[in-house]
Amino acid sequence: MSGVTTKFAVASMVMWMAPVVIMYGFYYQVFPGVSQMSSSAQTLASGFLAVVSVNLVISFYICMAMKETPHQEPQPDPTFLANAKASINHPTCSQVSGDSKGKGKGKVE
């Protein structure tokens, strides 16, 4: 279980940090060629790349979760199974009495 928590924490941190790094890089013109772009083009490109980076992190996290093998097969609750089997084998009083009362309901007098 701690592996799942660790993966979630790492994915959450990367999902928060990647857009901030991209916005920082565009604002301070760290990336090559950014200084030649207009202000509005820088804003659009940084916003678009920030959104794409978050979507990539989410899709990567989903792929990791889908590839993870379960540690054990899910098992039904034994109490629920016992109650379900008992209810199938022994009908309740309302089911028995309700069947005998319902036979004459179709007639109109």
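User: In this predicted model, what is the handedness of the crossing of H1 and H2?

Analyst: The two helices cross in a right-handed sense.

User: How do I read the angle, and at what angle do the axes cross?

Analyst: An angle over 145 degrees counts as roughly antiparallel. Here the axes of H1, residues 2–27, and H2, residues 39–67, cross at roughly 165° and come within 9 Å. H1 is therefore roughly antiparallel to H2.

User: Which residues make the contact?

Analyst: On the H1 side they include Lys-7, Phe-8, Ala-11 and Phe-26. H2 contributes, among others, Gln-42, Gly-47, Val-54 and Tyr-61. Sorted by class, the contact of H1 with H2 has 17 nonpolar, four polar and one charged residues.

User: Where does UniProt place the feature "transmembrane region"?

Analyst: The unreviewed UniProt entry puts this feature at residues 7–27 and 47–66. In the model, residues 7–27 are 100% helix and 0% strand, with 30 Å between the end C-alpha atoms. Residues 47–66 are likewise 100% helix and 0% strand, and their end C-alpha atoms lie 29 Å apart.

User: How should I read a salt bridge, and how many does a search of the whole structure find?

Analyst: Side chains of opposite charge can pair when their charged atoms come close. The search finds one salt bridge. Glu-68 and Lys-7 form a salt bridge, their closest N and O atoms being 3.2 Å apart.

User: Which parts of the chain does that pair link?

Analyst: It links distant parts, 61 residues apart. Lys-7 is in helix H1, while Glu-68 is in the loop between H2 and helix H3 (78–89).

Methods
Residues are numbered from 1 along each chain as its sequence is written. This is a predicted model: local features need pLDDT of at least 70, side-chain atom pairs count only at pLDDT 80 or more; totals for chains, interfaces and linings use all residues. Side-chain values use heavy atoms; hydrogens and water are left out. UniProt positions are given in the numbering used here, feature names are shortened, and annotations may be inferred rather than shown by experiment. Helices (H or I, at least four residues) and strands (E, at least two) are DSSP runs, numbered from the N terminus. Axes are lines fitted to C-alpha atoms, for helices over the stretch in contact, and angles run from 0 to 180 degrees between N-to-C directions. Angles under 35 degrees count as roughly parallel, over 145 as roughly antiparallel, 65 to 115 as roughly perpendicular and the rest as oblique. A crossing is left-handed if the near helix is turned anticlockwise from the far one by less than a right angle, and right-handed if clockwise. Contact means heavy atoms within 4.5 Å. Ala, Val, Leu, Ile, Met, Phe, Trp, Tyr, Cys and Pro count as nonpolar, Asp, Glu, Lys and Arg as charged, and the others, Gly among them, as polar. A salt bridge is a side-chain nitrogen of Lys or Arg within 4 Å of a carboxyl oxygen of Asp or Glu.
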